[in-house]
Amino acid sequence: MTSRTLHIESRTERLIAVREFISDEARSFGFTDEDVSKIALAVDEACTNVIKHAYRFDPNRDITVTVKRKNGTFEVTIRDTGSGFDPSRLHAPDMKDYFSHYRKGGLGVFLMKSLMDKVEYEINPGKRNEVRLTKYLHR
Amino acid sequence: MSDFTIAQRERENVQVLELKGYLDAHTAPKLEEAFQSLLNAQRYNIIINCRDLSYISSAGLGVFMAYIEDVRKNKGDIKLSNMSAKVYNVFDLLGFPLLYEITKDEQEAFNKFAGSAR
């Protein structure tokens with residue numbers, strides 16, 4: 001197994017660095033360009049959620065992004081120490097309902113679930129929250 | 001580094017915004033400002049030319065959702081054109097083609113405004 005970690009401050013201008021880090025890791029693992037884009041977008045969404053919701057735009061907090069690669073499994077863990085949330089209340093919107101009411105938020109959660117094979121949460125508010133995004137390399 | 005820019009121009013009574021670069025949570029406020037100033041000027045026929053848009057996340061998609069209702073209430077529309085396959089896939093995944101007219105090129109979007117008597 002190989003493991004690499006990127007630490008960033010909770011600022012939206014750092015999202016580009018996250019996408020570059022994830023894209024390099026996913027590409028060298030053997031994913032197609034299409035899958036590389038999907039993984040980078042899913043991780044962008046997870047980090048954006050942390051910046052907006054867990055840290056409420058406090059720019060001086062830390063986010064840790066760790067990539068673990070093993071036997072065809074590409075796992076990205078996004079960790080924060082922010083306010084956390086109840087994952088059972090976090091659901092992807094029904095898009096028909098979404099459009100009929102012109103709603104504005106919640107798209108990120110839907111995207112993460114659509115783009116990755118597995119999305120898991122481990123929430124300990126104020127201590128350590130984790131989102132784990134997994135994609136399998138189909139050979 | 002400026003990773004997202006918007007160029008604005010007018011074609012008869014249609015406003016065209018050309019997006020270039022990366023539209024994410026960092027750059028989405030720039031697009032919000034552009035929409036807000038169009039609405040303030042009561043310009044409701046809007047084409048978003050995505051030819052040079054390399055990337056979009058849900059923060060960018062949310063901007064289109066935030067303004068479409070006001071634009072349509074005022075008998076206008078937001079039409080999108082010239083999307084790369086990569087950007088289109090994100091719109092498609094969320095079902096946006098059901099709500100927004102997405103055309104192959106800008107002329108087609110422009111003609112649709114002409115067809116609905118701008």
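Predicted model: local features only at pLDDT ≥ 70, side-chain atom pairs only at ≥ 80, totals over all residues.
Residues are numbered from 1 along each chain as its sequence is written, chains are lettered from A in the order in which they are written, and side-chain values use heavy atoms, with hydrogens and water left out.

The contact (heavy atoms within 4.5 Å) draws 25 residues from chain A and 26 residues from chain B. Between them the two chains bury about 2000 Å², 71% of it on carbon and sulfur atoms, where buried area is the accessible area (1.4 Å probe) that two parts lose on being put together, summed over both.

Across this interface the rule finds one salt bridge, a side-chain nitrogen of Lys or Arg within 4 Å of a carboxyl oxygen of Asp or Glu; the side chains of A:Arg19 and B:Asp24 form it, at 2.8 Å from N to O. On the side of chain A that touches chain B, at least two residues each come from helix 1 (15–29), helix 2 (33–54), helix 3 (95–100) and helix 4 (107–115), helices being DSSP runs of H or I with at least four residues, numbered from the N terminus. Helix 2 of chain A gives the most to that side, with eight residues.

The 22 residues of helix 2 of chain A should span 32 Å at 1.5 Å a residue, and its end C-alpha atoms are 31 Å apart, which agrees; the expected span is 1.5 Å times one less than the number of residues.
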